[in-house]
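Please read these notes with the structure open beside them.

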Amino acid sequence: LQGIFVLGLPYALLHSGYSGLFLIILAAALCCYTGKILIACLYEENEDGQLIRVRDTYEDIANACCKRLSPKLGGIVVNVTQVMELIMTCILYLVVSGNLLSHSFPHVPVTEKTWSVIAFVTLLPCVFIKTLKTVSKLSQLCSLVHFIIILVVMTYCLTQIHQWSLAKFRLSIEFEDFLVSVGVIIFSYTSQIFLPTLEGNMKSPGEFSCMLNWTHFFACVLKTAFALTAFLTWGKETKEVITDNLPSFLETLVNLCLLAKALLSYPLPFFAATEIVYACISRENQSKYRSPLFSLGVRGSFLLLTLLMAMFIPHFAMLMGLTGSVTGAAMTFLLPSLFHLKLKLKKLSFLEKCADISVFTLGFLCSLAGIVCSIKGLLEVFG
């Protein structure tokens, strides 16, 4: 919930003004809600009225919804969408790592792509990750590095409190700039892809809803405080990545912390993507596809694929925006609300039905607007 997107929140406030603060709170509430209804789709009541977990993955939920149309269609769509988003996320971490290294060591005669290859070498041990427990330990380190970054930026901002002014907020906003802000804010909260696996691995799954409430609450408070202090410090000078606003002696330190964060963030989407693909390939009980060597080959192939795409796809950032507008909105808003309506329609109250329909509509509009803006940007770049 505290990814690299957080560093773009002050820039989002620059383009959205006071409405941006409201969006940070609204996005937290909506993403928390869709996380809960997604997990609710994993359960069904038995004859005694007790909730039993009858599904394990996002794919199982999709297949249950589309079984009349085609037994496996829903699962295929969800898996392809998940893998696309996860691979794009992995590639983004490699691109970001190369960019951070080139900015941290500007006097070293090495290109950004070469720095990306160097970062890739440090990620090779990812092919040996077999359990979520290992990933969780790396994610803990990632969270620690993230809080160090936030602490450094906010501490510097607080030393500049004498120049803060609410007059820096914009009252009028441009529609396209506002859409960019909406995308940054919403996608800084997305975690739905990981939730079924996370809930299934909890020692006390009954505490999942409480956990989701508190994590989204604290994420919202931290994002709001961070975005507000940074924007009030730099105002119209706020850059897309807020660390670029820092003085040089702090920028290098924070860039190296960001590099560590990007590399420590990589294993989670990588592990999730490879597990999905490996499960799909080995589902038919074919022993040759269940060997440790084959599993190692799948992970190794994925690792190499992310490097090749990071090296050779031009204008990757814009393609990432286009993909994110489709997959991110679909996995976060469209599919959870649609699946919840499909599987639980008879048991939902009128207000719950209205909530699901509203979330679906909002997700569709966000996705459509993001696609239009991304395609427009790509057309401008390609002339």
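1. The count of salt bridges comes to five. The model is a predicted one, and the points below should be read with that in mind.

2. Arg 55 and Glu 44 make one of these salt bridges, with their closest N and O atoms 3.0 Å apart. The two residues are eleven apart in the chain: Glu 44 belongs to strand S1 (residues 43-45), while Arg 55 sits in the loop between strand S2 (51-53) and helix H3 (58-65). Arg 55 has a relative accessible area of 11% and is therefore buried. Glu 44, at 21% relative accessibility, counts as partly exposed, because buried means under 20%.

3. Glu 44 also forms a salt bridge with Lys 344, and here the closest N and O atoms are 3.9 Å apart. This pair links distant parts of the chain, since Lys 344 is in helix H13 (residues 316-344), 300 residues from Glu 44 in strand S1. Lys 344 is buried, with a relative accessible area of 11%.

4. A further salt bridge brings together the side chains of Lys 347 and Glu 45, at 3.9 Å from N to O. Lys 347 is in the loop between H13 and helix H14 (350-381) and Glu 45 is in strand S1, so the bridge ties together parts that are 302 residues apart in sequence. Lys 347 is exposed, with a relative accessible area of 53%, and Glu 45 is partly exposed at 46%. As for shared partners, Glu 44, Arg 55 and Lys 344 are joined into one network.

5. On helix packing, the axes of helix H4 (residues 73-104) and helix H5 (residues 112-122) come within 7 Å and cross at roughly 115°. The crossing of H4 and H5 is right-handed. By class, the H4 contact with H5 has six nonpolar, six polar and one charged residues.

6. Helix H11 (residues 267-281) has 15 residues and reaches 21 Å from its first C-alpha to its last, close to the 21 Å expected. Its buried residues include Pro 267, Phe 270, Phe 271, Ile 276, Val 277 and Tyr 278. What do the buried residues of H11 pack against? They pack against H4, helix H6 (132-159), helix H10 (248-265) and helix H12 (292-312).

Terms used: Residues numbered from 1 in each chain as written. Predicted model: local features only at pLDDT ≥ 70, side-chain atom pairs only at ≥ 80, totals over all residues. Heavy atoms only, no water. Axes fitted to C-alpha atoms, helices over the stretch in contact; angles between N-to-C directions. Helix = DSSP H or I, 4+ residues; strand = E, 2+ residues; numbered from the N terminus. Left-handed = near helix turned anticlockwise from the far one by under 90°. Nonpolar A, V, L, I, M, F, W, Y, C, P; charged D, E, K, R; others polar. Expected span 1.5 Å × (residues − 1). Buried < 20%, exposed > 50% of the residue type's maximum accessible area, 1.4 Å probe, protein only. Contact = heavy atoms within 4.5 Å. Salt bridge = Lys/Arg side-chain N within 4 Å of Asp/Glu carboxyl O.
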